[in-house]
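Student: I would like to learn how to read a structure one feature at a time. Please give the general idea, then the case at hand.

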Amino acid sequence: MSDRIHTLSGYFHEYQKSVTEPEKFWARIADSFHWQKRWDQVLEWDFEGPDVKWFVNGKLNITESIFEKNLFTHGDRTAIIWEPNDPNEESRNITYKQLYKDVCQFANVLLSKGIQKGDRVIIYMPMIPEAAVAMLACARIGAIHSVVFAGFSASALADRIVDCEAKAILTSDGNFRGNKKIAVKAVVDEALEKSSVDTVIVCKRTGQDVIMKEGRDYWWSECLEGISTDHKAETVDSEDPLFILYTSGSTGKPKGVVHTTGGYMVYTKYSFENVFQYSPGDVYWCTADIGWITGHSYIVYGPLLAGATTLMFEGVPTFPDAGRFWAVIDKYKVNQFYTAPTAIRALQAHGTEPIEPYSLDSLKVLGSVGEPINEEAWRWYYTHIGKSRCPIVDTWWQTETGGIMVSPIAGITPTKPAYATLPLPGVQLCIVNADGKELTGNSVEGNLCIKFPWPSMIRTTWGDHDRCKQTYFSTYKGMYFTGDGVKRDHDGYYRILGRVDDVINVSGHRMGTAEVENAINEHPLVIESAVVGYPHEVKGQGIYAYVICDMTNRTEENLVNEIKDTVSKIIGPIAKPDKIQVVSGLPKTRSGKIMRRILRKVAEGVTENLGDTSTLLDPEVVKEIIDGRK
Ligand code: WT7
């Protein structure tokens, strides 16, 4: 039985049921999955702890709902279409049956290396099918995967290895990106100088030279030799962790968001089928990287649980040319296409010429995710890619929410440019003002909270439950705080306005300003720095850094480049500041707090009416900052 919503009144009806009888609602949906033992109780919760349990005492293995449950009906269907970076290289088509064998076999490999249920395994791999196999094989044996985006630096990788006490790393020799070959294993080696794991399994992709350490490093293909393709799935509890995914917040180092098994499984499939209106036989393509939550929930788990054909693309939108996305859509007759506003804007900048050779007539649904989509990009996407006949689903959610929270149901919810529209069933939104008072009714603006648990929500932050409580459940009592500002318009539609905390969103990548500052401060000549976001045409937000440095014997240009390299080395190229302004001081209050409001305005280009500066220790510094603006 399908839990697909088919009409707008059907949506309202389902939504109502999900609020009045949430347990009954989710039990009905959960019943269509494969459980080794059914749950005793649907939900147990307390946002104070927080302590949230879905499908209490249910026993399962998520991969059984992907494979065992469905192999008789769609074993021969394509599970993964893989499009390589280079369009001249052969693509791959992996059926559910084949994927099942690959997953079972790799599960046996992991076991043979001594990895057990509950152990953490880091996956630091390019976008190749083996990365999905790696995730599912971990799930199969009950190990907890933590995928780290392969663009992160050795130092960022080492931090994650240490934080989750990983036992193994699954990686590749290298990575193709456009016309570049990027070393991957070498980064792992560097990370392992500052951390340690027992096992490294290396998948050969680029064929570049790597150093293999005896007794620790193994080639993926050699590991498979003589290993059985049969594996009986490990039994896990609904609330056993499925994965950890690190994400940035407003303070400190990235935290490991923990997602558990039962609720995540139920919610990702349900939201996938509904939002995208996926029908069997459709080809679905999400352009995210598996290193982000979008890749977890909507390239791997959601689509595979739904028996979908999910396309995995190794390359970049502009290689060999700016028509690559459109070429891939025509090549595989993609029906649902899900990408990020930053990619849309980058392609928009190339004009419509790169689109002309392609028909794009297989498209039925377009999706957007990761940051607010501006009206202009929305319209361009709608007109030139969707040919004014494909609904756009602007999906708002977060690493912590595990799945899409606010989005149109494709073709059913009337859309409005730049609006994520309405919450999905089960999602009880709440807008609060600064004092935590709920703003009811329409035409209100405030901070976005969620006041009732949903199945795929964050359970804890790895190794530090208090941090989870402080970050998400303490700002407003009894509610999960998203960190986003939001507006509910006269129709009751939601428009996400962006972060209200010190988190910036650069090309859909989430970064803490404090994290970038800490990286900048690692440069020996930097005395202090302050980082803010500013509006950027393509990236959504760019990174603007104000730095106080010791300039002795240095030109500004040299120093700026060195600082950029430092950030690249500590976090990764995605965190490199777009603009660096050397200043002699920062606007601080008498209590020593940096007035970021002023820095943000100057970075935006506002030089007048900066608001009250009377509490500043040294108001003169503002003038200097304005004059030296980049
Ligand atoms: C932050 C979460 C969700 C997967 C990718 C990002 C922003 C996300 C939208 C959207 C406006 C959006 C929010 C959110 N965001 N989607 N459709 N409209 N803003 O996950 O890295 O955890 O980032 O991305 O600010 O809080 P993430």
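Tutor: Start with accessibility: a residue is buried under 20% relative accessible area, exposed over 50% and partly exposed in between, with a 1.4 Å probe and protein chains only. By that scale Arg495, with a relative accessible area of 24%, is partly exposed. Two points on the source: this is a predicted model, in which local features need pLDDT of at least 70 and side-chain atom pairs count only at pLDDT 80 or more, while totals for chains, interfaces and linings use all residues. Residues are numbered from 1 along each chain as its sequence is written, and side-chain values use heavy atoms, with hydrogens and water left out.

Student: In which strand is Arg495 found?

Tutor: Helices (H or I, at least four residues) and strands (E, at least two) are DSSP runs, numbered from the N terminus. Arg495 belongs to strand E25.

Student: Which side chain has an N or O atom 2.7 Å from a nitrogen atom of the ligand?

Tutor: A polar contact is a pair of N or O atoms within 3.5 Å; within protein, one must be able to donate a hydrogen and the other to accept it, and residues adjacent in sequence count only if both atoms are side-chain atoms. The side chain at 2.7 Å from a ligand nitrogen is that of Asp394. Pro372 places a backbone N or O atom 3.3 Å from a nitrogen atom of the ligand. For Thr399, a polar side-chain atom is 2.5 Å from an oxygen atom of the ligand. The ligand exposes 550 Å² when taken alone, and the protein buries 95% of that; such accessible areas come from the Shrake-Rupley method with a 1.4 Å probe, and for residues only the protein chains shown count as cover.

Student: Is Thr395 buried or exposed?

Tutor: Thr395 is buried, at 3% relative accessible area. This residue of strand E20 has a side chain joined to that of Tyr338 by a polar contact of 2.6 Å. Another buried residue is Asn61, at 0%; the Asn61 side chain reaches the backbone oxygen of Glu234 at 2.9 Å.

Student: How many aromatic pairs does the structure hold?

Tutor: Rings of Phe, Tyr and Trp (its six-membered ring) pair if their centres lie within 6.5 Å; planes under 30 degrees apart count as stacked, over 60 as edge-to-face and the rest as tilted. The structure holds 44 such pairs. In one of them, the ring centres of Trp45 and Phe452 are 5.1 Å apart and the planes stand at 65 degrees, so the pair is edge-to-face. Trp45 lies in strand E1 (residues 41-46) and Phe452 in the loop between strand E22 (444-450) and strand E23 (460-461), so the pair ties together parts that are 407 residues apart in sequence. Trp45 is partly exposed at 37%, whereas Phe452 is buried at 15%.

Student: Over which ring does the charged end of Lys113 sit?

Tutor: A charge sits over a ring if NZ of Lys or CZ of Arg is within 6 Å of the ring centre and within 35 degrees of the ring normal. Lys113 has its charged end over the ring of Tyr218, 3.7 Å from the centre. Arg92 does likewise over the ring of Trp82, 5.9 Å from the centre.

Student: Which residues does a cis peptide bond join, with omega about -15 degrees?

Tutor: That bond joins Gly49 and Pro50. The bond from Phe319 to Pro320 is also cis, with omega near -5 degrees.
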